[in-house]
Amino acid sequence: TWWTAVYCDRINKIAHYTFVDGGVGIFESSRMLTLKTAMQKASLLFKSNHDLLIDILGGKNLSSTGIPYRGQGLNSIGKVAKRDQLKNLILIANDVYANISTGTFKVLPTPYEGTFFYWEYDSNCK
């Protein structure tokens, strides 16, 4: 189950977006678990969810399928953040908190089951 909400602040001309997915979270999804397993079988250094997120947002393509156009969602979000198109872009998934806009990444002491995104966009709010 997922939910989304938008609030348009007409005075400050900022649209606030929230997306909440009540699933297992990015790092417990079957696709990500497949990737982690493949990394372990290839004797690659296992990375924490925190480090994986930094790599993916930084442009590393870590698709578990090997298909070039797959696994681009978080990578694309990282590109949008670098272009400064969105303000205050925050992601919480499993045991990772990331303010992508400021480059602040933290490991959460209590994991969040699911995925949470929040961002702001300069808008005329018509």
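Me: Which residue in β2 is the bridge partner of tryptophan 2?
Reply: Strands are DSSP runs of E with at least two residues, helices are runs of H or I with at least four, and both are numbered from the N terminus. Two strands pair if DSSP finds at least two bridges between them. β1 (residues 2-9) and β2 (residues 14-21) run antiparallel and share eight bridges. In β2, tryptophan 2 is partnered by aspartate 21.

Me: What kind of model is this?
Reply: Residues are numbered from 1 along each chain as its sequence is written, and side-chain values use heavy atoms, with hydrogens and water left out. Local features need pLDDT of at least 70, side-chain atom pairs count only at pLDDT 80 or more, and totals for chains, interfaces and linings use all residues: the model is predicted.

Me: In what order do the elements of the chain run?
Reply: The chain holds three helices and four strands. From the N terminus on, the elements run β-β-α-α-α-β-β.

Me: Which residue in the hairpin of β1 and β2 takes a positive phi?
Reply: Four residues lie between the two strands of this hairpin. The positive phi, near 55°, belongs to lysine 13.

Me: Which residue in β4 is the bridge partner of aspartate 21?
Reply: β2 is also joined to β4 (residues 104-122), antiparallel, by eight bridges. Within that pair, threonine 18 stands opposite tyrosine 118 in β4. For aspartate 21, the partner in β4 is threonine 115.

Me: Which strands stand at the edges of the sheet?
Reply: The sheet is open, has four strands in the order β1-β2-β4-β3, and pairs antiparallel. An edge strand has a single partner, so one side of it is left without a neighbour in the sheet; the two are β1 and β3.

Me: By how much are neighbouring strands turned against each other on average?
Reply: Axes are lines fitted to C-alpha atoms, for helices over the stretch in contact, and angles run from 0 to 180 degrees between N-to-C directions. For this sheet the direction is ignored, and the average turn is 20°.

Me: Which strands does α2 touch as it packs on the sheet?
Reply: Contact means heavy atoms within 4.5 Å. The direction of α2 makes about 145° with that of β3. The strands touched are β3 and β4.

Me: At what angle do α2 and α3 pack?
Reply: Leu53, Ile56 and Leu57 in α2 meet Leu74, Asn75, Ile77, Gly78 and Lys82 in α3. That contact has five nonpolar, two polar and one charged residues (Ala, Val, Leu, Ile, Met, Phe, Trp, Tyr, Cys and Pro count as nonpolar, Asp, Glu, Lys and Arg as charged, the others, Gly among them, as polar). The axes of α2 (residues 49-57) and α3 (residues 73-82) are 7 Å apart. Their angle is about 65°.

Me: What share of the chain is buried?
Reply: Buried means under 20% relative accessible area, exposed over 50%, and partly exposed in between, with a 1.4 Å probe and protein chains only. Of the 126 residues in the chain, the buried share is 30%.

Me: Which residues do the side chains of the salt bridge belong to?
Reply: A salt bridge is a side-chain nitrogen of Lys or Arg within 4 Å of a carboxyl oxygen of Asp or Glu. The structure holds one. Lysine 87 is partly exposed at 29%, and aspartate 84 is partly exposed at 47%. The N to O distance is 3.1 Å, and the pair is lysine 87 and aspartate 84.

Me: How far apart in space are aspartate 51 and valine 107?
Reply: Aspartate 51 is found in helix α2. At 34% relative accessibility, aspartate 51 is partly exposed. Aspartate 51 and valine 107 are 56 residues apart in sequence, yet C-alpha to C-alpha they are apart by 9.8 Å.

Me: Which residues is serine 123 in contact with, leaving aside neighbours within four places in sequence?
Reply: Serine 123 lies in the segment after β4 and is partly exposed, at 22%. Aspartate 9 is 114 residues away from serine 123 in sequence and 8.8 Å away in space, C-alpha to C-alpha. The contacts of serine 123 are Lys13, Ile14 and Ala15.
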